[in-house]
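Try each task on the structure before you read its solution.

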Amino acid sequence: MTIDDEALAQVRKRVLAGGAERYHAANAAKGKLFARERVTLLVDEGSFVEDGLYANSLADGLPADGVITGTARIDGRDVCLMANDSTVKAGSWGARTVEKIIRIIERAYQYGVPMVYLVDSAGARITDQVDLFPGRRGAGKIFHTQVRASGSIPQVCALFGPSAAGGAYIPAFCDVVIMVEGNASMYLGSDRMVEMVTGEKTTLEAMGGARVHCAESGVGHFLCKTEPEALDTVRRYLSYLPSNWEGQPPAIEAEEPAGVDLGALVPASERQAFDMRRYVKGLVDAGSFFEIQALWARELTIGFARLNGEVIGVIGNNSMFKGGVLFVDSADKATRFIQLCDAFNVPLLFLSDVPGFMVGSAVEKQGIIRHGAKMITAVSEATVPKICVVVRKAYGAGLYAMSGPGFDPDATIALPTAKIAVMGAEAAVNAVYANKIAAIEEPDARAAFVAERRAEYERDIDIMRLASELVVDAVVEPADLRTEIVRRLAAARGKERGFSRRRHGVTPV
């Protein structure tokens with residue numbers, strides 16, 4: 001059977017239109033764009049080449065089988081992408097949907113280009129489960145292919161609606177997840193299923209909404225107000241990364257940093273907090289800091305930036321939140337970001353103002369040792385250029401987690417007021433002399449004894465002593481820090497990237 005041009009044009013028009021008009025209207029009422037509009041807004045004009053347009057076109061009401069896949073360019077660079085069409089059976093998956101998704105991820109991996117997922121899907125069609133769920137090219141193959149591509153090519157997900165049940169794992173296997181507040185959600189079981197199985201009464205928003213995942217669970221990385229903002233975030237994220245693991249991050253023309261007095265920003269007193277995000281912005285190229293997971297585990301600040309035009313990854317302790325102490329979530333946040341930067345050849349800058357890891361029964365029950373070990377493992381295994389700057393303090397295992405001298409940084413730099421020790425002076429004096437302090441009854445004598453012991457401790461950990469013992473490689477004034485880092489990163493650019501003779505390590509407990 002052949003088809004004439006007019007008939008083909010009619011089929012094409014029907015497929016490109018997506019689902020019924022009432023579904024388009026319902027989405028528009030929620031502020032949601034049509035999937036094809038999202039693709040058009042994201043990619044360079046005229047660059048999209050679609051695959052599988054006529055998938056399931058002989059079936060009634062299943063244009064393209066509910067998913068758009070193909071190749072395009074974003075800011076002149078090749079990418080592969082998929083976009084669920086929620087006007088077609090709520091963006092649910094059929095057998096051909098799954099096959100199209102698998103094929104486009106395989107193509108991205110084969111071509112060595114980023115893979116972009118524009119997700120808005122109710123998950124698998126239960127009526128089609130035998131066709132799409134259990135087989136060798138079933139839904140599980142999507143995740144297997146994503147895992148294979150992980151660290152080889154950037155994978156970024158923008159979530160505009162639900163990502164339900166097994167479909168929630170598409171975002172989970174991506175490098176970052178961008179969520180539109182009010183519409184995006186991720187959950188393994190619907191609110192009805194949760195009530196049926198556990199008896200808990202909840203809502204999709206309370207259980208798996210965008211703000212929940214970006215601020216509480218850590219599954220989301222960026223919380224956006226609108227769909228165009230989410231698409232802009234996709235573009236900006238990719239602008240910091242190479243197309244694949246063998247490339248280098250794209251450099252641009254250097255910009256002078258924002259006018260921040262770095263020396264005045266850091267208080268002398270450890271008890272006084274300061275915002276590490278401001279410090280970063282005063283150090284890197286103006287307007288280049290791109291913070292990731294800004295709402296979650298805020299005691300640790302992470303993100304991409306540019307230093308003299310070159311991309312770097314920044315990890316800084318932020319004393320504005322929980323004193324900058326490392327908790328379970330902040331350790332996980334750092335671990336994943338370190339692995340991301342190491343995978344895509346992004347040098348790492350650690351800005352340390354860390355009292356150490358949190359202690360106490362609550363965090364021990366949460367597994368602080370296990371999570372801390374994962375962060376320290378990631379620091380150890382990272383072979384990109386690494387620089388540790390002790391901005392104010394690095395105490396206990398916090399020094400190790402922030403790529404201290406024992407973890408092969410390309411340099412450990414200290415500011416003149418920096419302190420490196422097992423613990424702070426106050427805690428150390430109390431730990432060593434608690435009984436003697438308690439035995440001194442006269443308050444002035446007790447205070448004098450404590451002050452004398454503190455002074456002894458401070459002399460023992462004096463930063464110039466540490467420099468003389470080669471613990472730190474340089475003591476640098478704040479005004480000279482940017483130039484020092486730029487020069488050291490340039491010198492380390494061609495370093496050997498090997499780490500260990502093995503297939504892979506074993507994840508810490």
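**Exercise 1.** Find which residues R453 is in contact with, leaving aside its neighbours within four places in sequence.

Solution. Begin with the place of R453, which is helix α19 (residues 443-460); helices (H or I, at least four residues) and strands (E, at least two) are DSSP runs, numbered from the N terminus. Next, look for contacts, meaning heavy atoms within 4.5 Å. With neighbours within four places in sequence set aside, R453 is in contact with V429 and Y433. Finally, check the accessibility: R453 counts as buried because its relative accessibility is 11%. Here buried means under 20% relative accessible area, exposed over 50%, and partly exposed in between (1.4 Å probe, protein chains only).

A word on the model before you go on: it is predicted, so local features need pLDDT of at least 70 and side-chain atom pairs count only at pLDDT 80 or more, while totals for chains, interfaces and linings use all residues. Residues are numbered from 1 along each chain as its sequence is written, and side-chain values use heavy atoms, with hydrogens and water left out.

**Exercise 2.** Work out where the buried residues of α16 fall when seen down its axis.

Solution. First, the helix itself: α16 (residues 368-381) has 14 residues and reaches 20 Å from its first C-alpha to its last, close to the expected 20 Å (the expected span is 1.5 Å times one less than the number of residues). Then list its buried residues: I368, H371, G372, M375, I376, A378 and V379. Seen down the axis, they fall within an arc of 155°, so they line one face of α16; the arc is that of the directions from the helix axis to the C-beta atoms. Last, find the cover, which includes α14 (328-343), β12 (348-354), α15 (361-366), β13 (386-395) and α17 (397-401).

**Exercise 3.** Identify which members of the largest nonpolar core touch the most other members.

Solution. A nonpolar core is a set of buried Ala, Val, Leu, Ile, Met, Phe, Trp, Tyr and Cys residues joined through side-chain atoms within 4.5 Å. The largest one has 72 residues, and V116, L118, Y237, F304, I315 and I338 touch the most other members. Its largest share, seven residues, comes from α14. Now follow V116: not counting residues up to four places away in sequence, V116 touches L42, I74, C80, L81, M82, V156, V234 and L238. Another core, of 30 residues, lies apart from the largest one, and I104, I105, I142 and A184 are among its members. As background, nonpolar side chains tend to be buried together in soluble globular proteins.
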